Every structure is written in C-alpha cells, then in structure tokens.
Amino acid sequence: MRKTLLELLENSGQLSVETIVLRMAVATAMAFFIYISYALSHEGSIYSKKFNVSLMALTTITTAVMIVIGNNIALSLGMVGALSIVRFRTAIKDSRDTIYIFWGIVVGICCGAGDFLSAAAGSAFTFLVLLLFGRIRNDDRMLLIIRADRIGEDKIEALVFQYYARRAVLRVKNTTPETVEFIYELSRRTMQRAEGAGGAVKMGVSITDAIYGVEGVEYCNLVVQNDEVSS
C-alpha cells in the first residue's frame, strides 16, 4: 500500500518538448485574445497598458505552472503551499479587472492541461459578453455638495426640497459652529428633470443660481459617481 502511494506521488507525467511548446504557444495566442478584449472594453483613465500586459504574462505563467505540476500530486501540493504565502496587494481599479484576472488564470489552467477546446470556447463566450456589456459604466449617481454659513442652512434645505422633493437623499451633513456642508445623492434623471420643465423653468432659475442666491454660500459642486478610479 505504501509503495503504491509513493509511486502515485512520484508520478511526474513528463511531457515531450513538442507538447510543451504547443501548450505555451496556444496560451500565448489566447493571452493576446484577452489583451484585445481588455483594450476594447476599457477606455479613459481606467485603462492601464501595464495591467493589460500583466494579464498576458499571468496566462502564460499559469500555463507553465500547470505543465510543471502535471499529474504529480506531491509537486502540486507543494506548489499550493508555496503560493499560499504570497500576498498580492495591488489595488483593483475596476471590478471588471477581477474578471480578467480569473479569465487569464482559467485559460492558463486549460492550456497547461491541454484542454484547448475549453479554453477557446470559454474565451469566445467571455469575449462576447465583455464586448457587449464591458463599456457599461455606473455613472447614474450624482452628488450635490454644498458648503455655506450656518445662517443659510434652512434656506438651502428648503431649496433642495423644492427642486428635487424627496428624490434627493441627504447622505452627509457636516457642521461646525460657523459652517455647514451638505452632500445629497440623486440620480441623473432627477437632475435632468429638475433642470427641465419641472424644475428650473418652474422656479425661474437653475438650482445652482438659486443656491448661490442664498447668503453665505461658499461653493456648490456636482460630482458624478462612476467606477473609474484615477491612478
């Protein structure tokens, strides 16, 4: 029993040079496919060429690791133990980046195991999904930030209610003995309605002009929330 177990653990599953080169070549081609998909689905300040190149390297490295492990159970357990002590602290700027990281790892595993069909089919469907929906951005949320003297606190709250009613949600209200700061969250549709026939036309002026008409207003900022994080 012990002899059989040792033979199983020592089974290295050696591959020919041609097979190794073939798997690495397919992994490189699939990594370039991932590179194109990432470039097409990202734009603006969130796109990182270095991260995109890292995805390609991740795919080929994972393939190499799978080739080394092969059917050797002992080596695979040792590799898991070695990799478990590595901690990655790179900040993920976009939630979609996590998808691409897993995509590169999965393709590397498939190519390293020689399952090219699964790698190709999975990559094709993933590419299609990301190509169709990858450019969707969560930019519907808006923040209205107002800072003023405490003397105009009640007037500002009344103005915001007149323009947006209950559709503007007060998220933060910071106060000092002299000043007050409001942070309202509202949707882009609510903002457009307020600036259109139901808002500015009805009130006679825009929300910005109305707020600056209150005594003691220091600034009025409108911030669009989205998934982009500048480096």
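Predicted model: local features only at pLDDT ≥ 70, side-chain atom pairs only at ≥ 80, totals over all residues.
Student: What share of the residues count as buried?

Tutor: Of the 231 residues, 30% count as buried, where buried means under 20% relative accessible area, exposed means over 50%, and partly exposed covers what lies in between, with a 1.4 Å probe and protein chains only.

Student: How many helices and strands are there?

Tutor: There are 10 helices and 4 strands, taken as DSSP runs numbered from the N terminus, with helices being H or I of at least four residues and strands being E of at least two. Along the sequence they follow the pattern α-α-α-α-α-α-β-α-β-β-α-α-α-β.

Student: Take helix H5; what span should it have, and what span does it have?

Tutor: Helix H5 covers residues 95-113, and at 1.5 Å a residue its 19 residues should span 27 Å, which agrees with the 28 Å between its end C-alpha atoms; the expected span is 1.5 Å times one less than the number of residues. Its buried residues include Tyr 100, Trp 103, Val 107 and Cys 111.

Student: Which helices do those buried residues pack against?

Tutor: The buried residues of H5 pack against H2, H3 and H6, with contact meaning heavy atoms within 4.5 Å. Just after H5 comes Gly 114, with a positive phi of about 85 degrees.

Student: And what follows H3?

Tutor: H3 is followed by Gly 70, whose phi is also positive, near 55 degrees. Helix H3 itself, residues 49-69, has 21 residues and reaches 30 Å from its first C-alpha to its last, close to the 30 Å expected.

Student: Switching to the surface: which residues make the nonpolar patch?

Tutor: Phe 32, Ile 36, Leu 40 and Leu 131 make a patch of about 330 Å²; patches are made of residues with over 30% relative accessible area and no salt bridge, where like charges are joined within 9 Å and nonpolar side chains (Val, Leu, Ile, Met, Phe, Trp, Tyr) within 5 Å. Helix H2, residues 17-41, gives the most, with 3 residues, while Leu 131 sits in helix H6, residues 116-133, and is partly exposed at a relative accessible area of 40%.

Student: How do E2 and E3 run?

Tutor: Strand E2 (residues 169-175) and strand E3 (residues 179-187) run antiparallel and are joined by 6 bridges; two strands pair if DSSP finds at least two bridges between them. They form a hairpin with 3 residues between them, and Val 169 has Glu 185 in E3 as its bridge partner.

Student: Where does Ile 146 sit, and what does it touch?

Tutor: Ile 146 is in strand E1, residues 141-149, and counts as buried because its relative accessibility is 0%. Not counting residues up to four places away in sequence, it touches several residues, among them Ile 156, Val 180, Phe 182 and Tyr 219. Ile 146 and Val 180 are 34 residues apart in sequence, yet 8.2 Å apart in space, C-alpha to C-alpha.

Student: How many salt bridges does the count come to?

Tutor: The count comes to 5, a salt bridge being a side-chain nitrogen of Lys or Arg within 4 Å of a carboxyl oxygen of Asp or Glu. One of them joins Arg 150 and Glu 153 at 3.0 Å, N to O, and another joins Glu 157 and Lys 173 at 3.1 Å. Glu 157 lies in helix H7 (residues 153-164) and Lys 173 in strand E2, so this pair ties together parts 16 residues apart in sequence.

Student: Which residues are linked in a network?

Tutor: Arg 150, Glu 153, Glu 157 and Lys 173 are linked in a network of salt bridges; within it, Glu 153 is buried at 12% relative accessible area, whereas Arg 150 is partly exposed at 36%.

Terms used
Residues numbered from 1 in each chain as written. Heavy atoms only, no water. Areas by Shrake-Rupley, 256 points an atom, 1.4 Å probe, with all protein chains shown as cover.
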